[in-house]
Amino acid sequence: MTAVTPGQERAAAPTATSAATATPTPTATATATPSPTATPTQPPAAEEDRTWTGRTRRWLLGKLPPDKLLPNTQPSYVASWIYVLGMGAIGSLLFIIASGVVLSFNGPTWYHVSALGHFVNSVHLWSVELFFFFMVVHLWGKFWMAAWRGKRVLTWITGVVSFAVSIVAGFTGYLVQTNFDSEWISFQAKDALNATGIGAWFNVTNFGQMFMWHILILPIGVLAIVAFHVVLVRVHGVVPPLEASETDAQLTHPDTTGE
Amino acid sequence: MTKHDSTHRDDLDARPWAGRVREYDLFKELAIGVGVVGVLVLALAAIVGSPDDKTITLKTWATAAPADFIATATGELAGTTDTAGYGPPYTTTAGATQTLGPIDLQSMSGTRLPIDTAKDLVITPLTTLGAAADARATWAAASDTQRTDWATAYGEALAKAPKGDPAKVAAGDYGPVPELTATLQAEAVTGGVDGAIQQEGGVFNFDYTRTILFLGDGQYFPGLAAGMHLTGDQWGMMNETGNYPGQSWLWLFSFWYQLPVIGDLPNADLVVVGLMGLLTLALALVSVIPGLRDLPRLIPLHRLVWRSYYRQR
């Protein structure tokens, strides 16, 4: 890290002002020379910027330039319905969050006494069911595509972890339904958790504790891991077919439009 | 495949694609995905809805099955219920934990959620409600052995009585136990015991551990669950009340309990959790597990995904 001197800090403002004209004014020069060592300087070019922020920006842009973050093309082999399942899971997750937020406005027992609340609870339930459906088929699809190839191991692991954390999030959702099902599930589930010692700290019969896990801790966990997973997908791209060549030039009748 | 080939192959898989590309609109796909999912979710919510069976309270139980309630309360006084002898994190009962060889994780957690079933589920609620004062005084003045003898004798007499009816119990030395349990049942019917037990944790008590464990010690609550196919030996972990899908993604977790060789083990929970932990770890680390990582090559289902690519080679 290169330390920024007080003189440089002061120089930053007038220089920025003069950047539009590209010719520092005498005033700017005067205020920017409190000591012989401090001279007016332009902000360092991106490739020379050694600040933490500059380095981070350079690293991020190197790993994930805009065209990789928001691509408008994909390799020719990306042509199957299996590829939309990940997006289906993300779409379902959006509905889970949205319906969960609406349920949060009126608390966990609102849906027992309100037709609208019951409908929103149903939306929450079915978006969870679809979320897991899409996620499981997506996971199986990626397994049979051996999608961990080509330095994509972390992408695969984050996918598995997001699945595992989602299961815990779904489980706590069943625990906080405030109905017969949640009573029974908490009674049954305590044994497995107690047998491993976890139950003493993660008490499934403590509604308050499970509620906070369900509406705060686990959603943050799921969203963070899913976001990291998606970023990794963008960084590494979609895994090519097994035994694929470096390009698809060997194909006899390519049916896609090349660039 | 030699190590050199494998390394070269991995490099090729990691390299940016240099072949043909197709047009792709990320945001359009997201918008369509959200739209399709939205239609499905809203339609299912409107047409199918969601289950919502009412909670079972101590009041419900005491009203619907008074004999079972009294027998269970007697068991809590005698210390013979599942909760009374559970071990950590509820009680200090020796030898009650699930172990795997020398591994005893349940004991390591300690008794973090202590429950004295006689005091917390029977005596304190009666005290809070100001009921059965004489019987409580007699109970308080007795020795631990005397209390256990009274409660055990009454529990055995209830088991022998027709339909467990307290009114038909043979005469015996049961001390204050019949009055304590009958009064608790009568108070429970009014709803008082639900509030009294919850109040043990203060006004803003969100912890229902004591109530749920009390319910589970009886026959009524588990009987209702069994009638809805929700118990562990009925794949209950992945079932839901009514005709609704439950946590079907827990099918493998539930599967192990259906195998007698595992489900009948005294440490079945610990074994199943351990198995699932190992399998989840294996799934996460599949890329470094020989044999498992080769399955996609050996069983070429990937050719269905990339059928167009392979068809043209």
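Modeller: Helices (H or I, at least four residues) and strands (E, at least two) are DSSP runs, numbered from the N terminus. Residue numbers start from 1 along each chain as its sequence is written, while chains are lettered from A and ligands numbered from 1 in the order of writing. The model is a predicted one, in which local features need pLDDT of at least 70, side-chain atom pairs count only at pLDDT 80 or more, and totals for chains, interfaces and linings use all residues; side-chain values use heavy atoms, with hydrogens and water left out.

Chain A has ten helices and one strand, in the order α-α-α-α-β-α-α-α-α-α-α from the N terminus. Of its 259 residues, 50% are buried (under 20% relative accessible area; exposed is over 50% and partly exposed in between, with a 1.4 Å probe and protein chains only).

The contact with chain B (heavy atoms within 4.5 Å) takes 102 residues from chain A and 95 from chain B. About 9100 Å² is buried between these chains, 66% of it given by carbon and sulfur atoms; buried area is the accessible area, with a 1.4 Å probe, that two parts lose on being put together, summed over both. A:Trp126, A:Trp144 and A:Phe180 supply 9% of what chain A buries against chain B, more than any other three residues.

Three salt bridges cross this interface, a salt bridge being a side-chain nitrogen of Lys or Arg within 4 Å of a carboxyl oxygen of Asp or Glu. B:Arg297 forms one with A:Glu243, their closest N and O atoms lying 3.7 Å apart.

Chain B itself is divided into domain 1 (58-227) and domain 2 (247-313), with bounds from an automatic or database domain assignment. Their contact takes four residues from domain 1 and six from domain 2. These domains of chain B bury about 410 Å² between them, 57% of it on carbon and sulfur atoms. B:Gln98, B:Thr99 and B:Leu100 supply 88% of the area that domain 1 buries against domain 2, more than any other three residues. Zero salt bridges are found across this domain interface, but three residue pairs are in polar contact there, both at pLDDT 80 or more.

Some backbone details complete the picture. Most residues other than glycine have a negative phi, and most peptide bonds are trans. A:Lys151, in the loop between helix 7 and helix 8 of chain A, has a positive phi near 60 degrees, and this residue counts as exposed at 59% relative accessibility. B:His229 also has a positive phi near 60 degrees; B:His229 lies in the loop between helix 12 (220-227) and helix 13 (251-258) of chain B and is partly exposed, at 48%. A cis peptide bond, with omega about 10 degrees, joins B:Pro88 and B:Pro89.

Conventions. Polar contact = N/O pair within 3.5 Å; in protein donor to acceptor, adjacent residues only side chain to side chain.
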